[in-house]
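Visitor: I would like to learn how to read a model like this one. Please take it feature by feature.

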Amino acid sequence: MTEAPLLEVRGLRAGYGASVVLEDVDLRMGVEAVGVIGRNGMGKTTLCDSLVGFLPPSGGRVLLHGKPIEGRTPEKIARSGIAYVPQGRRLFTSLTVDEHLAMLSRRGRRWTAPDVYKLFPRLAERKRHRGGDLSGGEQQMLAFGRALLLDADLIVMDEPSEGLAPAIVDVLVDAVHHLVDEGVAVLVVEQNLRAAVRMAPRQLVMVSGRIEAEFAGDELLDRPDLQQQYLGVGAATGDDAPTDAQKAGTTDA
Amino acid sequence: MTATRRRLPALVTAAVAAAAVAWVLFLAADTPAGTALDNPGTFMVTALDAVTFAGLLFVAASGFTLIFGLMRTVNMAHGSLFLLAAYVAIGVQQAMLGKTRNIEPSEVSLVDWLVPMLVGATVAALAGMVIQQVFLQWNEGQELRQALITLAITVVLADQMLREFGGLAQRMVWPGSVTHFIEIFGQRYATTRLFMLGVAVVIGVLLWLWLNKTRLGLVVRAGVDDRQMVRGLGINIRVVFAVVFFAGAFLAGVGGVLGASFSGAAPGTDGSWLLNSLVVVIIGGLGSIKGAAAGSLLYGTVVAFSPAYLPTQYSYYAIILTFGLLALVLAVRPYGLYGRPA
């Protein structure tokens, strides 16, 4: 018998009222970091929201460790092992850093508040600051740390690098690698290709509510034509890599 | 030009406040109280009246604002829970003392007041939780529907309470140990009012400790900020809703027992205390405990000072000043002092 993958998504459909955003999403991942990239409006955030139960899917299946979780409430999904770091961080503006972590600390959990402070020393210096008073980078660290305290098997991150300085993105990249080493899977949705590639060795490209293609490693960085096709970015985005288009390693999903 | 226009409400408010202070200090000679400089004793007593009444307002309004802050439910039954607790507490007190009329404070021990208070507030809290579980839970996020349901409950409860407890005003009796008079600037002042303020302060401190020092309290505050995200963190918000409704209704109940001791309970008390709570939280900002405290102080001040410091023949107009206060606060801060857009 083969072991079920950590996360398996089959034919997932979701939308808002009559407008369908996710057409038919298939995806499988194990304990690894996987990126989902794509242009604005392609359904990336909708994918995250429907995985964590913020937006109940209208069809398809989501299996975590082989068990269906689609259609469950957000609290049940969080308890069954998926933690969410949403776009815009959505911290609690009136709670301090310490209170964010205290609210979720439970005895006997693997991740504790001190672990989060060790991973992000910057947060330890801001313990008494309110969520609304933190810099963008600190907010992202706190949203990440908050998700860690759930002891999830999978962390879903939506646009973590949005609006952050490169030095902060470095910290996040290291944290993602550290997590995967610790056995936690990370699904990271990004518009920023460079950040995505550094966080995850596998990149899925989302176009109009479907996963259209998959790339390994930094393959896409060398392919301005594909970047243009899938991400709509200009060929030269400060790219110092040679732009030879010899390897056509695309695998259509 | 536009900058002046934008600052106009603030300027008007500052001018009104300055005028009110000047009036009370120097100009109010032709009023029941006289100017504060001539009659410092009357001024002190009026100020104490303001603060002690504010204590009662805070206890009643904090529960209302707590429920609204987390669930966006405008609980129109808040006044009914206030009155229900009052009637229950009066009944328990009479049962404990073994008589229904002519109870003297000297016969009432602290326990004869505290136990009925806790029983009354707990009954209100349980009733509130039933309202939430049976009627409101299914209409989460439908604020107008919830407001109408609780309004209907108010009408039904008012009728049932009239049937059960009669139409005559009843009174809870303060414990004898706090029923004294003290001298303040040559004026006699009832210590029961200070006791009422003391109870309100204890309630305020407990509420603060709960919301800031316990995990459940942190979850409640987080839920006020972003309910969906709280659920996304694996927290069962329905349990939190039930607990908060219990707590909010309990606070209404404590307010009701204080109110019944202070000014009695009768049909109509429910409506006037719903209105009082609404005024306080609209001034302070819906959903903010800090706002409930600030709103209580402001509203208490206007309620205590306007009958004393309006010219004698205009005392009837005291109630209008309440709405003047509302208009001024909302002109400067449309969401109330500590409120924010939903």
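Guide: Begin with the order of elements: along the sequence, chain B runs α-α-α-α-α-β-β-α-α-α-α-α-α-α. Keep in mind that this is a predicted model.

Visitor: How many helices and strands does the secondary structure of chain B come to?

Guide: Chain B has twelve helices and two strands.

Visitor: What radius of gyration does chain B have, and what would a compact globule have?

Guide: The general idea is to compare the value with a rule for compact globules. For 342 residues the rule gives a radius of gyration near 20 Å, and chain B has 21 Å, which agrees. Along the principal axes, the C-alpha atoms of chain B fill a box of roughly 65 × 60 × 40 Å.

Visitor: What percentage of the residues of chain B count as buried?

Guide: A residue is called buried if 20 or more other C-beta atoms lie within 10 Å of its own. In chain B, 48% of the 342 residues count as buried.

Visitor: What share of the contacts in chain B joins residues 24 or more positions apart?

Guide: Taking contacts with a separation of 6 or more, 76% in chain B are between residues 24 or more positions apart.

Technical notes
Residues numbered from 1 in each chain as written. Chains lettered and ligands numbered in written order. Predicted model: local features only at pLDDT ≥ 70, side-chain atom pairs only at ≥ 80, totals over all residues. Helix = DSSP H or I, 4+ residues; strand = E, 2+ residues; numbered from the N terminus. Rg over C-alpha atoms; globule rule 2.2 N^0.38 Å. Buried ≥ 20, exposed ≤ 12 C-beta atoms within 10 Å, placed from the backbone. Contact = placed C-beta atoms within 7 Å.
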